[in-house]
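Thanks for coming. I will walk through one structure, and the sequence and coordinates are going up on the screen now.

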Amino acid sequence: MDYINILKDLSTYPGVSGQEDKLSGYIAKLFEKYCDSVEIDEFYNVIGIKKGIGGSGGRRIMVTAHLDEIGLMVKSIDEKGFITVSNIGGVDSKVLLAQEVVIHGKKEIYGIIGAKPPHLLTPEEIKKAVKMEDLVIDTGLSAEEVRKYVSVGDIVTFKVEPLVLQNNRFSSKSLDNRAGVVALLDIMENLTLLNHKDDVWFVATVQEEVGLRGANIAAYNINPDLAIVIDVCHGQIPGTPKESVFPVGKGPAVAVGPNLHRKYTKKMIELAKEENIPYQIDVEPGDTGTEAWAVQVSREGIPTLLVSIPLKYMHTVIETLSIDDIKNTGRLIARFISMTGNEMEEGLC
Amino acid sequence: MLIKELTELNGVSGNEDEVRKFIKEEAQKYADSITEDSMGNLICYKKGGSSKYRVMLSAHMDEVGFMVTGYDDGLIKFASIGGIDERILPGKRVLVGEKRIPGVIGSKPIHLQEKAERGNNIKLKNMYIDIGAEKKEEAEKLAPLGEYIAFYSMYTEFGDGCIKAKALDDRVGCAILLEILKERYGFDLYVCFTVQEEIGLRGAGVAAFRVNPDIAIVVEGTTCSDVPGAREHEYSTVMGNGAALTIMDRTSYSNKKLVDFMYKTAKDKNIPVQYKQTATGGNDAGKIQLTREGVVVASVSVPCRYIHSPVSVMNRRDYESCLNLVKAVLEEFDNNESLIESFKLHNVK
């Protein structure tokens with residue numbers, strides 16, 4: 001798989017929570033290469049089914065990764081054409097100054113996020129973080145022109161150029177969780193070479209960033225026997241508690257805790273050891289803040305696992321990860337799926 | 001117009017090599033001789049006729065940026081070179097050194113910030129540049145102590161005649177001067193491309209000492225704060241309103257008669273012109289004015305929004321106004337040399 005180009009394409013493709021339709025269409029095309037059938041549900045979840053060789057009584061494994069990204073929404077247009085915004089999902093206003101954006105209006109409009117210039121700030125204001133309501137988008141157009149193309153409620157995405165860094169590191173926006181979507185593709189590719197008894201339902205889900213909505217719907221509709229959620233976790237950086245961050249490049253983080261099915265999780269960790277796949281343990285004493293939290297309690301309950309790709313600078317436009325961690329996530333989960341067909345019942349006890 | 005080429009080169013104060021090389025190659029096509037002094041200023045001479053007057057034009061080649069100061073494992077600690085608003089730094093892209101090694105300015109993501117941290121700006125000491133290096137030794141090899149770092153930002157045209165780029169301050173002045181260098185006048189013309197403006201107007205004084213001009217005009221990119229949050233009387237300049245003439249700023253006091261003459265010339269020739277309304281900022285005119293026994297100076301600038309950021313913005317029409325005004329003023333000098341003398345004399349009607 002050409003990881004760099006797939007990551008570039010997927011991370012820069014706009015798909016803010018609630019307006020994922022075009023991105024879903026794009027991802028469905030990618031799924032078609034590997035899946036027996038692909039459909040897009042009413043909420044734009046992309047569901048790709050890869051049939052197993054059978055012999056497991058038609059059991060289903062669901063693997064999810066959310067496809068939506070955080071972004072902004074147009075709130076107002078002033079008399080000079082400057083645009084104010086609201087956030088969709090957890091956006092840090094502090095990282096928005098001097099940021100390039102695209103407004104998805106009647107046509108795509110390029111803009112820059114500005115604010116009151118530094119030399120006009122009072123000493124008090126200089127210390128305080130800039131507030132979302134004080135940020136404006138400058139499109140270089142007159143108010144009249146702006147109003148022709150832009151309406152209140154239009155989606156705004158960040159415009160960035162992805163960078164390939166040293167040691168197979170990759171930096172772009174929206175790697176939370178397009179990295180997970182790439183991992184789904186990687187599992188599919190791995191499974192073309194591995195036998196698996198169970199049918200695998202790959203779901204690229206919508207609206208995770210605004211409340212785990214897509215996964216909720218998908219889990220109910222698919223009603224799988226086992227679910228594996230792929231998301232990102234915080235990469236290790238200075239000044240953060242070591243126990244809640246994970247070094248980038250040291251393998252995917254397998255979560256342990258009440259949100260996750262104990263026996264399956266144990267099996268996955270054993271498998272990683274046996275296969276010499278690098279992994280880390282993500283200790284989650286409560287809410288994992290991921291789709292696993294929603295999926296586990298769907299219908300009569302679904303055994304759920306969580307595998308996370310370490311990501312530095314989450315929810316900024318320079319999210320940074322190791323491509324090796326994506327590959328190892330793909331390898332680990334594909335191996336696990338091919339193994340579970342035989343051992344599923346044992347695990348369920 | 002060479003703004004794309006000029007702004008995509010890196011020339012942080014003290015390391016203007018790339019910019020100087022490019023300008024020298026261009027200038028060689030038109031200049032009679034080029035002197036490169038010990039600091040790196042380029043002095044391009046265009047011989048006049050029998051006139052005894054020397055006119056100096058000046059634009060600085062350097063831009064704000066950063067320098068490597070240390071390491072935190074594989075991450076790079078850095079200091080600013082020139083005046084940079086720290087608030088804009090988290091989440092920006094940079095290029096390190098001559099090999100242009102890509103990196104990102106990282107800081108703590110919003111999820112991991114304490115409550116007090118969320119409301120305050122991130123300090124430079126809590127940021128670092130991530131090039132993907134894992135260990136100090138690796139970072140040190142790729143980015144040794146003292147290595148120069150520039151913003152990474154591509155030239156982009158947008159809106160109604162707007163241009164976004166890094167380093168518009170003062171590559172826009174360099175671009176204008178390279179145009180003027182094509183002309184020939186009766187007086188001797190010294191077109192100077194100076195170094196180290198951003199760290200205290202270091203190059204221009206030295207260049208002016210060598211040239212010993214009768215009159216000097218500095219061509220700049222200047223602040224433009226015509227954005228929400230600023231009141232109208234706080235607008236230093238207005239984008240699109242034409243060439244901006246400085247009356248006074250923190251470093252210089254333009255020759256009143258020269259500024260009046262330039263303003264009148266603009267009006268007579270229907271060239272859009274405005275006064276810079278604030279006395280903030282400063283440029284090379286300050287050092288040139290105080291060179292030897294004193295020099296008659298004025299500054300004319302292209303308004304640049306979000307100056308000293310990777311996304312500074314100018315309007316193409318202001319560039320034209322600035323270029324046309326400098327040309328018109330030089331033509332007037334050419335037609336009537338006694339003008340040059342008149343600016344030097346006091347109490348003469």
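This is a predicted model: local features need pLDDT of at least 70, side-chain atom pairs count only at pLDDT 80 or more; totals for chains, interfaces and linings use all residues.

E220(B) sits in strand β13 of chain B, residues 215-223. Residues are numbered from 1 along each chain as its sequence is written, and chains are lettered from A and ligands numbered from 1 in the order in which they are written.

Is E220(B) buried or exposed? E220(B) is buried, because 27 other C-beta atoms lie within 10 Å. The cut-offs are these: 20 or more other C-beta atoms within 10 Å of a residue's own makes it buried, 12 or fewer makes it exposed, and anything in between is partly exposed, with C-beta atoms placed from the backbone. Leaving aside residues up to four places away in sequence, E220(B) touches D169(B), D170(B), G173(B), N283(B), S299(B) and S301(B). Contact means that the two C-beta atoms, again placed from the backbone, lie within 7 Å.

D169(B) counts as buried because it has 28 other C-beta atoms within 10 Å. With the same exclusion of residues up to four places away, its contacts are E220(B), G221(B), C304(B), I307(B), H308(B) and S312(B).

Both residues carry an annotation. In an unreviewed entry, UniProt marks H60(B), D169(B) and E220(B) as "binding site". These three are spread over 161 residues of sequence, yet they cluster in space, with a largest C-alpha distance of 8.2 Å. A caution on such records: UniProt positions are given in the numbering used here, feature names are shortened, and annotations may be inferred rather than shown by experiment.

Now to chain A. Which residues does UniProt list there for "binding site"? The record, also an unreviewed entry, gives D176(A), E209(A) and H315(A). They span 140 residues of sequence but cluster in space, the largest C-alpha distance being 10.4 Å.

D176(A) lies in helix α5 of chain A, residues 175-191. D176(A) is buried, because 28 other C-beta atoms are within 10 Å. Its contacts, not counting residues up to four places away in sequence, include H315(A) and E319(A). E209(A) is in a loop of chain A, between β12 (199-205) and α6 (213-222). E209(A) counts as buried because it has 23 C-beta neighbours inside 10 Å. Among the residues that E209(A) touches, not counting those up to four places away in sequence, are S17(A), D68(A) and G89(A).

Next, the contact between the chains. It takes 51 residues from chain B and 52 residues from chain A. On the chain B side, β7 (101-106), α3 (115-119), β8 (128-130), β10 (156-158) and β11 (162-165) each supply at least two residues. Of the elements on that side, β7(B) gives the most, with four residues. By class, the chain B side has 23 nonpolar, 16 polar and 12 charged residues. Nonpolar here covers Ala, Val, Leu, Ile, Met, Phe, Trp, Tyr, Cys and Pro, charged covers Asp, Glu, Lys and Arg, and the others, Gly among them, are polar.

Within chain B, the domain assignment gives domain 1 (3-63 + 166-344) and domain 2 (65-151). Those bounds come from an automatic or database domain assignment. The C-alpha centres of the two domains of chain B lie 32 Å apart. Their contact takes 11 residues from domain 1 of chain B and 12 residues from domain 2 of chain B.

The largest nonpolar core has 222 residues, and L184(A), L177(B) and V300(B) have the most contacts inside it. Such a core is a set of buried Ala, Val, Leu, Ile, Met, Phe, Trp, Tyr and Cys residues joined through C-beta atoms within 7 Å. α5(A) gives the most to this core, with 10 residues. L184(A) touches V63(A), A65(A), F202(A), A204(A) and I230(A), not counting residues up to four places away in sequence.

Last, chain A as a whole. Its secondary structure comes to nine helices and 17 strands. Of its 349 residues, 58% count as buried.
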